[in-house]
Amino acid sequence: MTRHGWSNWGRTQSARPAQVIQPSTAENVSKAVTRATATGHRVKAVGSGHSFSAIAVAPEIQIDLHQLSGILHVDTHRRRVRVGGGTRLWQLSRLLAPYGLALENMGDIDRQTISGAISTGTHGTGATFGGLATQVVGLTLVAGDGQVVHIDELRNAELLPAARVGLGALGVIVEVTLQCVPSFAIRAVEKVEPLHDVLDSFDQRMTQADHFEFFWLPHTDVALTKTNTRLPAQSSANRAGQLRHRIEQELLENGVLGAVCALGSAAPATVPVLNRAVIRCAGEREHIQQSDRVFTSPRRVRFREMEYAIPYESAVDAFEEVRRLIAERGWRIGFPIEVRASAADENWLSMAYGRRSAYIAVHRYVRDDPAEYFCAVEQIMRRYDGRPHWGKMHNRTALDLKGSYPRFDDFLTARDQLDPQRVFANDYLRSVLGA
């Protein structure tokens, strides 16, 4: 990012803010917001730019949080850690390690800042585990009047379910306090299995494993399954398995996938053959590593993504509809579809609010137009009362989102309290929350 322009990782959004501010303290943020409020300007905080939606697009003043990073306080007895809002997740994992601590669960990308990840509802997989925001026990934000507001179990506790997944609409998050767990390792087993077997045993796999997910590459009849089992931190690492895992990640998930996507984009008719070739390259592998090394993967092939959360019980039916849609339309889709699940939570604008959820994510290579594919899949997800990931592409507005979130009006009330003048508004927030 430069002062002259900003774009997100997926190249779906760009902005030319009139001013870019890089504060190093909460007081600096407060002063910047106070000035903006006094002059009638709009402010938007930005982390690493890993959202595909326009949620982080700054209309006038952009606040870059990268200097507000690192561990600020550790309570080893309660296993709680307070960190700067601009701390990247990959940095956070390394910073926690010397204290024997880890995040309970993570998504599969760790480039985001902690404030951006929780604000958009970032999650991983595991039927008994919540998203990243469920690990937040407190946070500090700068509200629309420039005031520094502390929110935790003892201070402004009524705002915590709103602020954990706040879409950047309530203020600039400058600090986050996380409930961590003792460090742990994971045994990861990855296999290529018949798709019908995976779908027939979907609930059994999800409920019996600590963490389970699968990827389906369109135009094939198999799925790549990933089953993760939590182990004590001192569990013996399989060095050979680790090395093979790293090599195959780079060669298959990045090198081969990137080449196939580029070729398929130039010659769509080749996509089915290419997808089947990719699957033949993927063999069974098993490795034991520390949790963050297993949860996350490097993503070097740029793509666009839309993800929906639907009631857990509808996962297989909704997935099958997407499969039929691709076949009926004759589309050539070269990027995998990802299916995960999580526990219900109590955060008002969380995709998993009040219900155990399954997640279906569809992707398109960065050079391919995703509009027709994403719009059609979105219509399927809406029939299952799907909720879109706030940081990923979708076409929903406040008019039709309100019915999917029982506490939607309560969130708007919290917004009125913390940002009555809409200092943090942009076009995206006006669309999904209303004017």
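**A tour of strands and helices**

Begin by selecting Phe215, whose bridge partner in strand S15 is Leu224. Strands are DSSP runs of E with at least two residues, helices are runs of H or I with at least four, and both are numbered from the N terminus.

The model is a predicted one, in which local features need pLDDT of at least 70, side-chain atom pairs count only at pLDDT 80 or more, and totals for chains, interfaces and linings use all residues. Residues are numbered from 1 along each chain as its sequence is written, and side-chain values use heavy atoms, with hydrogens and water left out.

**Stop 1**

Select residues 211-216, which make up strand S14. The strand is mostly covered, with six of its six residues buried; buried means under 20% relative accessible area, exposed means over 50%, and partly exposed lies in between, with a 1.4 Å probe and protein chains only. In a regular strand the side chains alternate between the two faces of the sheet. Here His211, Glu213 and Phe215 point one way, while Phe212, Phe214 and Trp216 point the other way.

Two strands are said to pair if DSSP finds at least two bridges between them. The two strands form a hairpin with five residues between them, and His219 in the turn has a positive phi of about 75°.

Then select residues 337-342, strand S18, which runs antiparallel to S14 and is joined to it by three bridges. Phe214 has Val339 of S18 as its bridge partner.

**Stop 2: the five-stranded sheet**

Display S6, S7, S11, S9 and S10, which form an open antiparallel sheet in that order. Which strands stand at the edges? They are S6 (71-75) and S10 (148-152), each with a single partner strand, so one side of each is left without a neighbour in the sheet. From one strand to the next, the twist averages 10°.

Within this sheet, focus on S7 (residues 80-84) and S11 (residues 172-179), which pair in the antiparallel sense over five bridges. Arg82 has Thr177 of S11 as its bridge partner.

**Stop 3: helix H1**

Select residues 26-39, helix H1, which lies across S9 (136-142), S10 and S11 and runs at about 50° to S9. Such angles run from 0 to 180 degrees between N-to-C directions, with axes fitted as lines to C-alpha atoms, for helices over the stretch in contact.

Thr37 lies in this helix. Is Thr37 buried or exposed? Its relative accessibility is 17%, so Thr37 counts as buried. Leaving aside residues up to four places away in sequence, Thr37 touches Gly144, Gln421 and Val423; contact means heavy atoms within 4.5 Å.

**Stop 4: helix H8**

Move to residues 271-281, helix H8, where Val271, Pro272, Leu274, Asn275, Val278 and Ile279 are buried. Seen down the axis of H8, the buried residues fall within an arc of 165°, so they line one face of the helix. The arc is that of the directions from the helix axis to the C-beta atoms. Val273, Arg280 and Cys281 are exposed on the face turned away from the buried side.

**Stop 5: strand S17**

Finally, select residues 303-311, strand S17: nine of its nine residues are buried, so the strand is largely enclosed by the rest of the structure. S17 pairs with S19 (residues 357-365) in the antiparallel sense over nine bridges, and Glu307 stands opposite Ala361 in S19. S17 also pairs with S20 (residues 387-388), again in the antiparallel sense, over two bridges. In S20, Pro388 is the bridge partner of Tyr308.
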